[in-house]
Amino acid sequence: MADIHFTEAQRELIEATTSTYVEACPGAGKTQAIVQRFVERPLAHPRKGIGLISFTNAAIDEARERCAAAPELREVPNFIGTIDSFINRFLVGPTFLARRGIAPRFHETWAAVPHSNVRVKGVALSASLDWFVVRDDEARLLVERIPVERRAAAAKLTLQDVVRIEEAAMATWTRFVARGTLSASAARVALRNYLNQHRRRQQLGALLANRFAEVIVDEVQDCSSDDLLVLELLREFGVTIIAVGDPDQSIYGFRSDAPADVTTFLAKLSQGRRLDGNFRSSPAICAAVDSLRSGAASDRPAGRNREVDSPVVLVSYKQRRTIPQTLAGVLEANGIARDEVVVLSHAADHARVAAGAPGSGADTTNKLIILARAHHVLSDVGRTAHERVAAIRSLERAIREQGLAEVTDLDQHEYLEACGISERVFREACLRIAASVPRPFDMKPSQFRAAIGAMGDSQRRLRWTARGLKSPNGDEWPSTPAAHPSGGSLSPSTIHGLNGRQAPVIALVIPEARAGADGVRQWHEGQSGEERRVLYVGASRAERLLIIAAHESVYDSVHTRLRSDSVPVQPTS
């Protein structure tokens, strides 16, 4: 990796000697700075480790890459990973094993765990355990955790329906945890319990203090109230905390039912100089980001795009399906290649439609459609590694949930033992299913179901059955997925999904005005709120050009606010 020239403010972060918080604007080069600190600090603490915790993979990947020439930096006693992996490895995992005699198996979400959906007879909603928060041995359904595409169905539930589905969720959650299967949210329930016990808290704090001299926290604004319990424990036992973040990029409040008081915790640390040099974006994009920011801070264009003079392009739309044609005109007028563009929206299906691709069908519970979509992604060589991994997991879960009665209630390791196979063999066998059947969207659903049903060897080996798979109404696929974006559509993403990354051109889709929380209203009226911060994060991903596609109901408000904040803007009605 080429040498990086660090600014004075970055150097101060790298060389700080006490617990410190540094605020950083988007594109400030904070990842390179904290990775440099991670590389340098072990020399000052030869007997203890340094931890690097991040909420995005960017810092983790860069740290591991930078340590390639010095692999000992990646070894014990040092640590590089997510806050989830830190909690699981050093706090919940050892305590759970000691108390229950079971080595827990951790999953990022319940969505990765077969049979974890909650269904109640007579209630027209199949709910993911990820939609619930568990406190005091009760599960509570949180509307903000339900995907936008599924909220209409959830809104039709009666109060009695909600009570029944919450009771069922608690029973399902308890069953999995008793077996040692924990999602990130379940691990945090255990974490709170352990840290509320004085003796165990003292033991864990002493163990962490003996292991680590310092822990560097990237994207600290994303800490939940439970994450802050861990940071407070480290600080209490003398571990130096170096925290870096941007309060306006805090967009994960929906993950926790308890607001995280990050500001109060950070006030206990020394305050470093703000990193205000934006090495990512053009002047117009920096101005738009300043406008969207709730605070008074301002960014300084400092990178290779600081001389780019393209204004923010503002377009209006009435229906999302018209956006692709509008974007095509903007791209052609500016000489921009389609592969430079990412279309962003808060909702995944909104982004896909605006990018020119059919909806993902993410709201379906039909196993035949789920299998078909997973097959489609795995057979498309142009798909990203992230998309392929998600498709493999979806395929594996569908196969498990089509399991015979004798394996239905088994946890994954028990299921593998019953089949006499390893995790790797299971994955390979699932991939062979996708490789052995024709392309599903080139045939009728009933034909695809018959092809799946004919795979007798696979069904015997993996103990699953095609019985119960149902063709959609009319024996027609509800929508046909598009090929890889290079085949016609632009590349879509949710704003949360692109957080921590960037693209040369961002097309930010702003939906129609809503009666409740509305990012444009918060922005226009100078109010702070997560919906406004989501727009801020989306706009700040752009490097050279920002296109804002605003619904006609909010177009005038967006235009007025951009103009009043002196943002160079090219309106197109």
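Helices (H or I, at least four residues) and strands (E, at least two) are DSSP runs, numbered from the N terminus, and residues are numbered from 1 along each chain as its sequence is written. Since the model is predicted, local features need pLDDT of at least 70 and side-chain atom pairs count only at pLDDT 80 or more, while totals for chains, interfaces and linings use all residues, and side-chain values use heavy atoms, with hydrogens and water left out.

**The sheet containing E8 and E9**

- Opposite Val-244 in E9 stands Asp-218.
- E8 and E9 belong to an open sheet of 6 strands with parallel pairing, whose order is E3-E2-E8-E9-E1-E10.
- The edges are taken by strand E3 (79–82) and strand E10 (270–271), each of which has a single partner strand, so one side of each is left without a neighbour in the sheet.
- Helix H4 (residues 83–100) lies across strand E2 (49–54), E3 and E8, and runs at about 115° to E3; axes here are lines fitted to C-alpha atoms, for helices over the stretch in contact, and angles run from 0 to 180 degrees between N-to-C directions.
- Helix H8 (residues 198–211) also packs on this sheet, where it touches E2 and E8, and its direction makes about 95° with that of E8; contact means heavy atoms within 4.5 Å.

**Helix H4 against helix H8**

- The axes of H4 and H8 cross at roughly 135° and come within 12 Å.
- H4 and H8 are therefore oblique to each other, given that angles under 35 degrees count as roughly parallel, over 145 as roughly antiparallel, 65 to 115 as roughly perpendicular and the rest as oblique.
- H4 and H8 cross in the right-handed sense; a crossing is left-handed if the near helix is turned anticlockwise from the far one by less than a right angle, and right-handed if clockwise.
- On the H4 side the contact is made by Phe-86, Arg-89, Phe-90, Leu-91, Pro-94, Thr-95 and Arg-99, and on the H8 side by Arg-200, Leu-204, Leu-208 and Arg-211.
- These residues of the H4 and H8 contact divide into 6 nonpolar, 1 polar and 4 charged, with Ala, Val, Leu, Ile, Met, Phe, Trp, Tyr, Cys and Pro counted as nonpolar, Asp, Glu, Lys and Arg as charged, and the others, Gly among them, as polar.

**Helix H2 against helix H3**

- Helix H2 (residues 30–40) packs against helix H3 (residues 57–66) at an angle of about 45°, and their axes are 9 Å apart.
- H2 and H3 are therefore oblique to each other, and H2 passes H3 in a right-handed crossing.
- H2 contributes Thr-31, Gln-32, Ile-34, Val-35, Gln-36 and Val-39 to the contact, and H3 contributes Ala-58, Ala-59, Glu-62, Ala-63 and Arg-66.
- The residues of the contact of H2 with H3 comprise 6 nonpolar, 3 polar and 2 charged.

**Aromatic pairs**

- The count comes to 9 aromatic pairs, under the rule that rings of Phe, Tyr and Trp (its six-membered ring) pair if their centres lie within 6.5 Å, with planes under 30 degrees apart counted as stacked, over 60 as edge-to-face and the rest as tilted.
- Phe-79 and Phe-90 have ring centres 5.5 Å apart and planes at 75°, so the pair is edge-to-face.
- This pair links distant parts of the chain, with Phe-79 in strand E3 and Phe-90 in helix H4, 11 residues apart.

**The sheet containing E13 and E17**

- An open sheet with parallel pairing is formed by 6 strands in the order E15-E14-E16-E17-E13-E18.
- E15 and strand E18 (569–572) stand at its edges, each with a single partner strand, so one side of each is left without a neighbour in the sheet.
- From one strand to the next, the twist averages 25°.
- Strand E13 (residues 312–317) pairs with strand E17 (residues 542–551) in the parallel sense over 5 bridges, and Tyr-317 stands opposite His-551 in E17.
- Helix H11 (residues 283–292) packs on the sheet and touches E13 and E17, its direction making about 50° with that of E17.

**Backbone details**

- Val-76 and Pro-77 are joined by a cis peptide bond with omega of about 15°, and Pro-77 is found in the loop between H3 and E3.
- His-115, in the loop between strand E4 (105–107) and strand E5 (132–135), has phi near 65°, a positive value in a residue other than glycine.

Key. Two strands pair if DSSP finds at least two bridges between them.
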